[in-house]
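Subject: Handover of a structure and findings

Dear colleague,

Please find below the structure that I am handing over to you. My notes on what was found in it follow directly after.

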Amino acid sequence: MSSQALSQNQEVFELNLGPQHPATHGVLRVKLVMDGEYVVDAEPVLGYIHRMHELMGENRTWAQYLPNMGRLDYLSALSYNLGYVELVEKMMGIEVPERAEYIRVLTTELNRISSHLLWFGAFVLDLGGFTPLLYAFDDREQILDLLESVTGSRLTYCYYRFGGLYNDVDDDFLTGCTQFLKRLRSRMPMYHDLVTGNVILRQRLVDVGPISAEMCRRYGATGPVLRGSGVNYDVRKNEPYSIYPELDFDVPVYNECDSMARYMVRMDEIEQSMRIIEQCIAQMPQGDIMAPKVPKMIKPEVGDYYHAVEAARGTFGIRTVSDGKNQAYRMKLRAPTFCNLSLFQEASKGMLLADALAFMGSLDLVIPEIDR
Amino acid sequence: MNKATITTQLRALAATGMVDEPETAPAPVVEEVEEGAKKKAAPPAPRKNGLLEVDPARKGVHLDVQLNGDQVVAAAQALDAEGMQLEAITGVDWINDNELELVYDYSYTGGEFFRVVVRARIPRDEPNISTLCDVFPSANWHERETYDFFGINFEGHPQLENLLLPEDSDFHPLLKDFKGC
Amino acid sequence: MAGYFKSILTGTKSLVTGLKITQAEFFRKPITLQYPHEVLVMTPRYRGHIQLVKNPETGTHQCISCGLCQKGCPSGCITVRGEKREGVKGKVLVQYDLDFTTCSLCGQCIENCKPGAIEFSLEYNLASTRKEDFHYDLLARLEEQK
Amino acid sequence: MDINLVYMVLFLAGIIGFAALNAAYLVWVERKGAARIQRRTGPSEVGFAGLLQPLADGAKLMSKQILFPDGIDKPLFMLAPMFAMIPAVMILVTIPFGPVGFGPFADFMLVAREMNIGLLMIFAFASVNVMALLLGGWSSKNKYAVISAARAVSQDIAYEIPMILIAITIVMTTGSMHLSTIVESQAGGFWNWNWLPLQGNLFGPVTFIIFFICSLAETNRAPFDLGEAESELIAGFHTEYSSMGFGLFFMGEYANIVIGAALTTILFLGGWLSPLPASIPFIGAPSVVWFLLKMYLLIWTVVLIRWTYPRVTLWSLLNLAWKIMIPFALVNLLGSAALIKILPMLGL
């Protein structure tokens with residue numbers, strides 16, 4: 001692409017963005033070809049923290065692979081845990097007790113809120129505003145404290161088990177959740193006043209980084225990126241799993257296709273996740289948290305299986321091939337931001353550098369998940 | 001998106017690919033698999049080409065199609081025309097059959113729950129298959145990743161370089177005969 | 001033209017709102033913890049590295065050296081060794097080493113443990129410049145706790 | 001020896017000390033203020049409430065090695081930080097801080113060397129500041145720094161125009177470029193200050209805000225910190241600078257903030273004049289305390305703005321200058337000219 005630009009006698013230069021750069025939030029590298037401040041071509045270069053999780057899946061038992069799930073996307077680890085345990089339960093035909101399902105959904109949604117809050121802060125940081133980051137961290141810290149009190153860890157959770165949970169939640173946690181929701185509800189208007197309504201932010205986001213629904217489809221983009229392009233697709237609604245069909249929540253969809261739409265989708269998703277958590281607390285039944293009969297050694301039937309869940313960043317899918325042994329024959333992890341980032345090269349053409357970085361922020365990248 | 005159209009098209013595609021076998025030949029894989037598991041016999045023989053309608057609650061997909069290697073582009077075009085999106089491309093190394101399997105996952109984001117998986121088996125010694133980049137741009141990175149891990153050569157790919165592995169690596173870690181580096 | 005002035009006005013209003021919020025936050029108390037001066041107590045379920053449980057009756061561990069924790073560990077960071085001794089039923093634990101550098105705190109070992117001989121500790125103040133400092137001898141650690 | 005010369009040397013030393021002290025402690029104010037805005041505590045370890053932190057930072061910067069990347073234009077590279085600091089000190093020399101206002105030397109004017117065309121000189125030297133960014137960015141041989149330098153130049157040119165247009169309005173209404181005269185012409189209470197139209201400045205409050213915004217943009221402060229936009233250009237023009245090279249850029253930035261705030265105070269907020277009429281004893285007396293009060297209030301606003309808003313993009317920044325501020329300033333210039341003629345007719 002750079003050669004093409006050069007042949008048109010444009011005065012272009014190459015700019016190497018990353019792997020150490022404040023805006024890439026990790027070790028992503030983007031090879032930019034710039035014409036002044038305009039991006040002629042942007043080629044993401046991946047693999048700086050590639051850890052070959054898929055190979056690890058092939059030489060560990062099904063249960064031993066669980067901790068890996070928390071290390072793909074360290075910001076919404078529980079969604080990935082959920083996807084994996086549900087896949088294994090699907091293969092083994094394990095019925096999960098209802099209480100466990102409610103706790104799983106509750107904790108996953110808490111994790112989704114914390115992930116979106118961190119994205120919110122980091123995104124505004126990309127745009128040059130520092131303070132909202134720390135306000136968001138303040139709220140996120142409450143979630144981490146709550147999750148720590150049940151799961152024992154703050155980031156890389158390993159809480160779900162095949163057929164249930166590691167341990168039960170107590171009333172303190174549930175009242176803590178209720179209090180937190182009350183607190184976050186009172187904070188959301190502040191976020192909207194300070195950030196959403198800000199004229200500078202709107203100028204930087206409205207009509208910047210347009211991605212059409214067709215482009216999303218061609219690139220396999222999912223999650224808030226897709227919903228910001230006016231496509232009403234959420235795995236929780238469209239391919240229901242766990243107890244999501246029993247819960248009442250909306251899928252926020254914006255038709256503007258710009259960075260602002262993606263921003264608004266995530267902010268609205270925080271509200272919807274709060275609704276889900278409230279319902280989970282209200283409807284949570286008493287009972288066991290582990291299925292009565294979970295085989296000690298997981299040996300799924302021969303065949304291949306697929307399961308998808310809605311992680312904070314889009315559709316997380318696992319395709320696994322079992323040869324009847326206690327280890328997977330093949331474990332494919334389909335990471336949402338991998339696909340979401342792949343459209344960056346086409347979509348960022350002709351953007352200003354500042355806009356391209358704002359656009360990249362709006363994709364909500366988590367590099368360990370892209371590199372796996 | 002029309003499920004019936006997709007099913008018909010893919011079935012026809014699978015049928016044309018089968019030179020020796022009649023269309024009715026492939027038995028439902030699920031049963032075959034269960035037998036194999038019960039008997040603890042030698043691993044089941046590789047599946048024949050064909051289309052299976054499987055239970056999504058158990059398998060996670062609705063249609064499971066196995067095609068010849070040269071038909072995946074046609075299948076992708078048929079699915080693209082129906083508005084499906086390519087979710088992932090990956091490979092499986094069937095070292096005992098001396099074959100590599102390519103797995104293409106398609107999903108539909110328009111509302112209905114519909115997932116299709118297209119597979120193709122290619123010989124392990126000559127891992128060549130044509131690229132989907134012209135149909136789905138998302139295939140670009142997925143194919144580069146598969147090239148990284150399996151060394152599969154996607155013919156016609158615009159930039160078949162290592163994506164996740166280091167630029168100078170010459171190993172393919174997901175091949176079953178990979179012994180660390 | 002009216003839109004031009006209106007956009008300037010609404011823009012200015014949003015900027016003033018932002019200033020009001022930050023100025024109001026300025027007068028509120030800090031929420032951060034001054035770490036070395038103030039220290040948090042971990043919640044009971046906090047996952048520190050594992051340790052041997054001390055049986056209050058016998059005053060020693062409950063490990064039967066079955067090695068299930070070692071077997072179940074995804075990263076192979078546990079080494080358990082037991083010996084046959086005369087006059088004692090079963091094996092006697094002689095070595096329980098934990099390589100904390102590779103541990104991912106998943107809890108597989110604790111779940112696998114039938115007699116409930118290991119638990120998560122609440123230790124989090126762990127920092128060192130040497131790798132060897134994270135190779136724990138849990139038996140010795142239990143002795144120290146006495 | 002001429003006593004005036006002694007005064008001058010003393011004042012020069014004082015001004016340099018004032019600039020350095022301000023730079024050091026404005027950093028402290030900025031860090032502490034930002035921390036409190038963000039519900040943190042900020043510097044707290046070095047000295048009481050971290051008050052010695054700036055000294056520790058300074059000592060650290062001075063003890064660091066100066067790095068010269070390969071292939072840089074070394075003379076320019078070394079010259080650039082000086083261009084950032086020297087004009088700032090030169091401008092501070094001409095700024096009158098007002099009479100002491102109390103005690104035995106109540107009428108003693110705190111000014112190093114005032115000139116009758118002080119305003120002109122300030123703008124002349126303020127333009128040199130752009131050179132620092134341009135040279136620093138250009139000589140670093142770093143693509144990010146070059147982009148940053150290009151941004152800084154287009155930004156500073158765009159914002160100098162409305163700033164000077166408004167300054168001309170003030171010169172018209174007061175009839176002088178002498179800063180003390182400009183202040184004295186605003187005497188008689190805060191309603192007589194230039195930020196209200198009573199003296200003939202037609203869109204008084206608007207021009208005040210425009211001037212303030214321009215001074216933000218001139219000093220490359222957030223939200224106009226396009227030159228050093230850290231999430232885009234890492235550190236912009238001073239990416240490659242270390243040690244006191246960076247330190248001078250840093251001090252220059254804070255000295256420029258002081259200048260911007262001082263100039264706004266003089267032009268619009270009555271300088272060292274009390275907001276109340278001089279007839280009221282003690283509070284009504286003009287004093288340097290008033291000057292500093294107004295100036296630091298403005299500086300605090302600058303700090304608050306930095307920690308509240310996201311950064312603008314280059315286009316919206318230029319749009320703001322060319323499409324909003326310059327038309328306003330021009331209309332204001334013409335309107336004020338008319339108002340100056342009308343006001344005497346109304347007997348004001």
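At what angle do helix H3 (residues 74-94) of chain D and helix H4 (residues 118-139) of chain D pack, and how far apart are their axes? In this predicted model, the angle is about 165° and the axes of the two helices are 8 Å apart. H3(D) is therefore roughly antiparallel to H4(D), since an angle over 145 degrees counts as such. The crossing of these two helices is left-handed. Sorted by class, the residues in the contact of H3(D) with H4(D) are 18 nonpolar and five polar, with no charged residues.

H4(D) also packs with helix H5 (residues 143-174) of chain D: their axes come within 8 Å and cross at roughly 175°. H4(D) and H5(D) are therefore roughly antiparallel to each other as well. On the side of H4(D), the residues that meet H5(D) include D:Leu119, D:Phe123, D:Val130 and D:Trp138. Among their counterparts in H5(D) are D:Ala145, D:Ala152, D:Asp156, D:Glu160 and D:Val171. The contact of H4(D) with H5(D) has 14 nonpolar, three polar and two charged residues.

Chain D also touches chain A, where 26 residues of chain A are in contact with 22 residues of chain D. Several elements of chain A each supply at least two residues to this side, namely strand S1 (13-17), helix H5 (98-126), helix H6 (131-151), helix H8 (199-205) and helix H15 (353-362). The side of chain A that touches chain D divides into 15 nonpolar, six polar and five charged residues.

As for the other chains, four pairs of chains touch, and the most contacts among them are between chains A and B. Chain B and chain C have no contact, and their closest C-alpha atoms lie 17 Å apart. Chain B does not touch chain D either, with the nearest C-alpha atoms of the two 25 Å apart.

Turning to the strands, chain A holds an open sheet of three strands in the order S6-S7-S8, with antiparallel pairing. Its edge strands are S6 (303-311) and S8 (328-334), each of which pairs on one side only. From one strand to the next, the twist averages 15°. Helix H4 (residues 77-92) of chain A packs on this sheet, where it touches S6 and S7 of chain A, and its direction makes about 150° with that of S6(A). S6(A) and strand S7 (residues 314-322) of chain A run antiparallel and are joined by nine bridges. Within this pairing, A:Tyr306 has A:Arg319 in S7(A) as its bridge partner.

In chain C, strand S2 (residues 78-84) and strand S3 (residues 91-99) pair in the antiparallel sense over seven bridges. C:Val80 stands opposite C:Tyr96 in S3(C). The hairpin of S2(C) and S3(C) has six residues between the strands, and C:Gly87 takes a positive phi near 80° there.

One residue of chain B may also be noted. B:Thr5 lies in helix H1 (residues 3-17) of chain B. Is B:Thr5 buried or exposed? B:Thr5 counts as exposed because it has 12 C-beta neighbours inside 10 Å, and 12 or fewer is the cut-off for that class. Between B:Thr5 and B:Asp170 there are 165 residues in sequence and 42 Å in space, taken from C-alpha to C-alpha.

Yours sincerely

Note on methods: Residues numbered from 1 in each chain as written. Chains lettered and ligands numbered in written order. Predicted model: local features only at pLDDT ≥ 70, side-chain atom pairs only at ≥ 80, totals over all residues. Pairing = 2+ DSSP bridges. Helix = DSSP H or I, 4+ residues; strand = E, 2+ residues; numbered from the N terminus. Axes fitted to C-alpha atoms, helices over the stretch in contact; angles between N-to-C directions. Contact = placed C-beta atoms within 7 Å. Parallel < 35°, antiparallel > 145°, perpendicular 65-115°, else oblique. Left-handed = near helix turned anticlockwise from the far one by under 90°. Nonpolar A, V, L, I, M, F, W, Y, C, P; charged D, E, K, R; others polar. Buried ≥ 20, exposed ≤ 12 C-beta atoms within 10 Å, placed from the backbone.
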